[in-house]
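Let's take a friendly walk through this model, starting with its aromatic rings and ending with the chain as a whole.

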Amino acid sequence: MSEFKSDFLRTLKERGFIHQVSDETGLDDLLSKETVTAYIGFDPTAPSLHVGSLIQIMMLHWFQATGHRAISLMGGGTGMVGDPSFKDEARQLMTVDTIAANIASIKTVFSNYLSYGEGPQDALMINNADWLTSINYLEFLRDVGRHFSVNRMLAFDSVKLRLDREQSLSFLEFNYMILQAYDYVELNKRYGVRLQMGGSDQWGNIINGIDLGHRMGTPQLYALTSPLLTTASGAKMGKSANGAVWLNGDMLPTYDFWQYWRNTEDGDVIRFLKLYTTLPMDEIDRLSKLGGAELNDVKKILATEVTALLHGRTAADQAAETARKTFEEGALAENLPSIDIPTAELEAGIGILALFVRAGLAESNGEARRHIKGGAVKVNDKTVSDDRLVVATANVTGDDVVKLSLGKKKHVLVRPI
């Protein structure tokens with residue numbers, strides 16, 4: 001479609017969010033005429049979502065910002081089964097208590113992007129356990145299961161992939177796509193939902209829900225997916241050298257989150273400004289014309305804007321200032337990540353390899369040793385060449401810390417307690 005009438009689809013198109021839409025004209029007309037309710041489902045497989053989920057959260061943000069009602073659906077019910085989509089093996093089953101704790105933790109992030117409340121355009125946080133846990137199995141089989149063709153389900157890429165590799169697909173997992181489709185129908189019945197959004201890997205599941213809705217008498221339902229993002233070098237979004245880039249501050253310090261975006265590859269900067277910030281497009285167009293050394297300044301803007309949305313403007317500015325002091329002035333910045341070590345331990349002395357592992361700067365003694373051989377390890381800004389070095393109270397500076405550094409950009413303060 002050449003030009004959308006609705007603010008939402010126009011915004012998504014110009015910022016690069018759209019991969020597929022089930023009926024562009026129909027959805028555009030609907031969004032132009034009335035306040036529409038849409039949802040995206042999130043699986044509570046960990047206490048925090050990671051950066052890979054941020055594109056979906058931003059889609060909900062823009063949906064509300066353009067005058068519609070957004071629902072963030074927590075998979076408290078489907079989480080008991082686990083999404084088999086494109087997984088090589090079954091997920092580990094979680095207890096009900098673990099799922100509840102994960103949802104409570106994940107919820108804290110959403111209010112930074114959406115305004116929740118009771119008004120017609122206020123967002124809603126819904127848990128599909130509200131209806132899935134009370135399902136009567138025989139009734140569900142008769143009323144919902146009869147609409148599903150096993151032949152068609154076996155042809156789904158997410159299922160076919162597992163079967164082609166001769167990997168086991170449990171009956172439990174096979175039910176997941178039925179439950180997800182039923183969520184769409186139930187959300188339409190309860191909240192008038194007309195649109196489900198998600199990553200492109202969810203297209204088949206969403207279409208399943210539209211088809212089930214049609215068979216069960218809902219109004220026309222719609223699907224919209226975003227592209228599955230990789231970085232310019234082909235790496236998956238949400239992963240870094242140190243593991244997952246979590247959204248919850250208690251699982252990843254604000255400074256580390258800021259640094260993740262500051263280290264964005266040159267070829268991704270403008271695309272990420274469009275997807276992950278709310279900067280106006282004319283400002284992004286202006287920044288896109290900068291190059292060379294100025295591109296580093298654009299990366300700092302990206303890092304600060306993305307961090308401000310998640311952690312607040314003050315925390316983002318502090319992270320940017322911490323980076324500036326550390327790299328440009330060589331000063332010790334109080335906001336660097338830190339670990340506490342009992343004073344008695346430091347008095348006895350701790351090997352540099354073990355200390356680097358405890359600080360999260362290496363995953364093993366072997367990795368720390370390789371970094372030392374490569375000249376990348378510093379203690380209090382002095383390069384370490386001996387992997388048998390013992391760090392002790394003599395290394396504590398006048399600031400009451402020991403500064404550990406890996407390369408130019410990773411620093412951790414060791415604080416005696």
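The structure holds 9 aromatic pairs, where rings of Phe, Tyr and Trp (its six-membered ring) pair if their centres lie within 6.5 Å, with planes under 30 degrees apart counted as stacked, over 60 as edge-to-face and the rest as tilted.

Helices here (H or I, at least four residues) and strands (E, at least two) are DSSP runs, numbered from the N terminus. Phe8 and Phe63 are both buried, meaning under 20% relative accessible area, while exposed is over 50% and partly exposed is in between (1.4 Å probe, protein chains only).

Trp261 belongs to helix 12 (residues 254-262) and Phe272 to helix 13 (residues 269-276), so their pair ties together parts that are 11 residues apart in sequence. Both of these residues are buried as well. They are also members of one aromatic cluster, together with Phe257, Tyr260 and Tyr276.

A word on the model: it is a predicted one, so local features need pLDDT of at least 70 and side-chain atom pairs count only at pLDDT 80 or more, whereas totals for chains, interfaces and linings use all residues. Residues are numbered from 1 along each chain as its sequence is written, and side-chain values use heavy atoms, with hydrogens and water left out.

Now to the surface. Tyr137, Leu138, Leu141 and Phe171 form a nonpolar patch there, with about 470 Å² of accessible area together. Such areas come from the Shrake-Rupley method with a 1.4 Å probe, and for residues only the protein chains shown count as cover. Which helix gives the most to the nonpolar patch? Helix 6 (residues 137-143) does, with 3 residues. Leu141 lies in helix 6 and counts as partly exposed because its relative accessibility is 40%.

Finally, the whole chain: it has 19 helices and 15 strands. Its C-alpha trace spans about 75 × 50 × 40 Å along the principal axes. Of its 417 residues, 48% count as buried. The protein chain exposes about 19300 Å², and carbon and sulfur atoms supply 49% of that.

Definitions and conventions
Patches are made of residues with over 30% relative accessible area and no salt bridge: like charges are joined within 9 Å, nonpolar side chains (Val, Leu, Ile, Met, Phe, Trp, Tyr) within 5 Å. A salt bridge is a side-chain nitrogen of Lys or Arg within 4 Å of a carboxyl oxygen of Asp or Glu.
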